[in-house]
Amino acid sequence: MSRIGVIGEDATDVETLVVLLRRIVPGSVGVKTKAPPSGRGGCAKLVRSAPTYMKELWASGCTLAILLHDLDLDSANNELKDEKKLRAHLSALPVPAGLELVICIPVEEIEAWFWSDQAVLDRVGIRAKASSSPHLIKKPKEQLRDLSLRTHHKVKYATTQNPKLAEDLNLELCAQRCPAFASLREQVLRRFGT
Amino acid sequence: MQDLDESAAQEPASDRIVAVTVEDPALGGLLRLTLEARRTVLVGKNGAGKSRLLEDLHAAALAATRLGTRGRPERVKFEVQLGGVPLDYSYVCTRAPERTEDPDDRMSWYWNERCIDAATGRRLWQVGEGIATIGDDQPVAMIPIHGLLHLRSSSAFTFPSEVDPLRALLRGVRLIRAGVPRQATAREPVRLQRVRDGVGQAGSPWTGRGDDRLLDVVKTLVSWFEVRRDQFDAVVEVGRRLQVLQEIDVKLEAHPHPPAEQEAELFVDGVNFGLLSDGTQRIVELVIKLVDPAVTVLLLEEPETSVHPGLLGRVLAELDAFDPGRQVVISTHSLGVVDAAAAGDIRVVERSAAGVTSVRPLNADEQQRLRIYLDDGLELADFLFSGALD
């Protein structure tokens, strides 16, 4: 069986992407995941560990590795970081021969994808409209949480729900509205799609 | 970070438990845990069965050596090394159907045990339904609940030479549970009383009110202060090395109200033990077990609880160095504890969807993948907790 490796900075993000991958290429690929242990340095640790993770994934039979890295805001000016620079930095990581690396950079973070689909927002239970340009939403995760608090007077949304929300996400709609997801889906289908 | 093969190079304990097999329905049936000569580290997700396994090991050792401590598990095998000779000691505790339904009625249980030389297959002794057979000798009648390890060596017949060291090995198994010793919401001073001619719980002359774990610590240290000053001083010395305390003092006074005869209070750096921080209380509890020469196997649940990472490193170093002849089994979620271990020390505890717990060392494929991490300068915990075992 073909295998895809998923590397992310956070176990919840990785689980969410796994749900989406299994929906994109149902049944035909196995998935192995890597994320630094929590408390071990987040993004910086991910970049340091990624070459090792890729070696291990390749040794485990993976032919494709997806490196999931949020674009995030620059804390100095509250603006998005430079995506081209980040992509160039990640592309320079050593990749084992025989393993193809796909870099996926959700803008600003993976929760932005949920903002593309009204059904998912309804499932979270917040009074908000889906966006045709989720990559323009600042702090999409915090917005989900804050709106959830305002609607229900208590926090009903937590990132631990993300894998469940990914089961309901309209993949076609998300691909139309989220360039990072569209690119990821296209590359995975090119490689493993029927 | 230790090399993959370092655990194999550790000096083996002279008498030790090599493996224990327990039958526990809560773990899904039969489970065998192999122990390293010095240190074994259990890792696994919450709910996998790590705590239950340690509790079973402790309960089994207690049941084998102390009367009246029946409880789970009812079927156990210990594979041990005594003086370099491999022995298999197993027991089964079953209810005598013709007896009463009262589980506290000792006579309602049959104790069956067997000890064989694992190298030769020679039976050393066997006890079944009240009959003991030692070697090839004639059977001897016994009280059905008794096994040889429950009896003193001065009984009516000659015990095999293996009985005393085996009893000492299993009697020396101690468990320090997860969590902190204090259970009460508020901190309160701990004070003990001694009643003239009185005997408190577990034979101690001291009694007190409060959390059992806190009382156990204070009673032990007060007793050692009185009758085993060398062990008391060793606790102070280790506490200083760990940088958690400078002095432990015991204040003994005549009790104003008979029949209590005396009152005792334990102070660490001038503070009553009951008022100390949870972490300090836990460390002192651990140090007592470290210093106690009767402890042969220390089972330690989550030593990282309430302990600063720097202090945890010193505690682990002390566990390693203090008594090379002692086995330590640790269950943990801590990256620091795992990083301090060798790959060969690790036992992965997993629970299947069907509710069956399994425990195993890293397999050959995992060891090979681990090498990738070590070669790149990452740590054992980076491998174990990054999803490598999923």
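Student: Which residues in H2(B) meet residues in H3(B)?

Tutor: Let us first settle the conventions. This is a predicted model, in which local features need pLDDT of at least 70 and side-chain atom pairs count only at pLDDT 80 or more, while totals for chains, interfaces and linings use all residues. Residues are numbered from 1 along each chain as its sequence is written, and chains are lettered from A and ligands numbered from 1 in the order in which they are written.

Tutor: Helices (H or I, at least four residues) and strands (E, at least two) are DSSP runs, numbered from the N terminus. Two residues are in contact if their C-beta atoms, placed from the backbone, lie within 7 Å. Here B:Ala61, B:Ala64 and B:Thr65 of H2(B) meet B:Arg167, B:Leu170 and B:Arg171 of H3(B). The residues of this contact are three nonpolar, one polar and two charged; Ala, Val, Leu, Ile, Met, Phe, Trp, Tyr, Cys and Pro count as nonpolar, Asp, Glu, Lys and Arg as charged, and the others, Gly among them, as polar.

Student: At what angle do helices H2 and H3 of chain B pack, and how far apart are their axes?

Tutor: Axes are lines fitted to C-alpha atoms, for helices over the stretch in contact, and angles run from 0 to 180 degrees between N-to-C directions. Helix H2 (residues 50-65) and helix H3 (residues 163-171) of chain B pack at about 140°, and their axes are 8 Å apart. Angles under 35 degrees count as roughly parallel, over 145 as roughly antiparallel, 65 to 115 as roughly perpendicular and the rest as oblique. H2(B) and H3(B) are therefore oblique to each other.

Student: What is the hand of the crossing of H4(B) and H6(B)?

Tutor: A crossing is left-handed if the near helix is turned anticlockwise from the far one by less than a right angle, and right-handed if clockwise. The crossing of H4(B) and H6(B) is left-handed, and H2(B) likewise passes H3(B) in a left-handed crossing. Helix H4 (residues 212-227) and helix H6 (residues 278-291) of chain B pack at an angle of about 50°, with their axes 10 Å apart. That makes H4(B) oblique to H6(B). Among the residues that meet there are B:Val217 and B:Leu221 in H4(B), and B:Val284 and B:Ile288 in H6(B).

Student: Let us turn to sheets. In which order do the strands of the four-stranded open sheet of chain A stand?

Tutor: Strands of a sheet pair through backbone hydrogen bonds, either parallel or antiparallel. Two strands pair if DSSP finds at least two bridges between them. In chain A the order is S2-S1-S3-S6, with parallel pairing. S2 and strand S6 (100-104) of chain A are at the edges, each with a single partner strand, so one side of each has no neighbour in the sheet. The twist averages 20° from one strand to the next. Strand S3 (residues 64-68) of chain A is joined to S6(A) by five bridges, and A:Leu67 stands opposite A:Ile103 in S6(A).

Student: Which strands of chain A does H8(A) lie across?

Tutor: H8(A) lies across S1, S2, S3 and S6 of chain A and runs at about 160° to S6(A).

Student: What is the pairing in the six-stranded sheet of chain B?

Tutor: The pairing is mixed, and this open sheet has the order S10-S16-S17-S3-S18-S19. One of its pairs is parallel: four bridges join strand S3 (residues 39-43) to strand S17 (residues 327-331) of chain B. B:Thr40 has B:Val329 in S17(B) as its bridge partner.

Student: Where in chain B may I see antiparallel pairing?

Tutor: Strand S4 (residues 75-82) and strand S5 (residues 85-95) of chain B pair in the antiparallel sense over eight bridges. Their hairpin has two residues between the strands, and B:Gly83 there takes a positive phi near 60°. S5(B) also pairs with strand S6 (residues 109-117) of chain B, in the antiparallel sense over nine bridges.

Student: How many residues of each chain are in contact where chain A touches chain B?

Tutor: The contact joins 14 residues of chain A to 12 residues of chain B. The largest share of the chain A side, seven residues, comes from H2(A).
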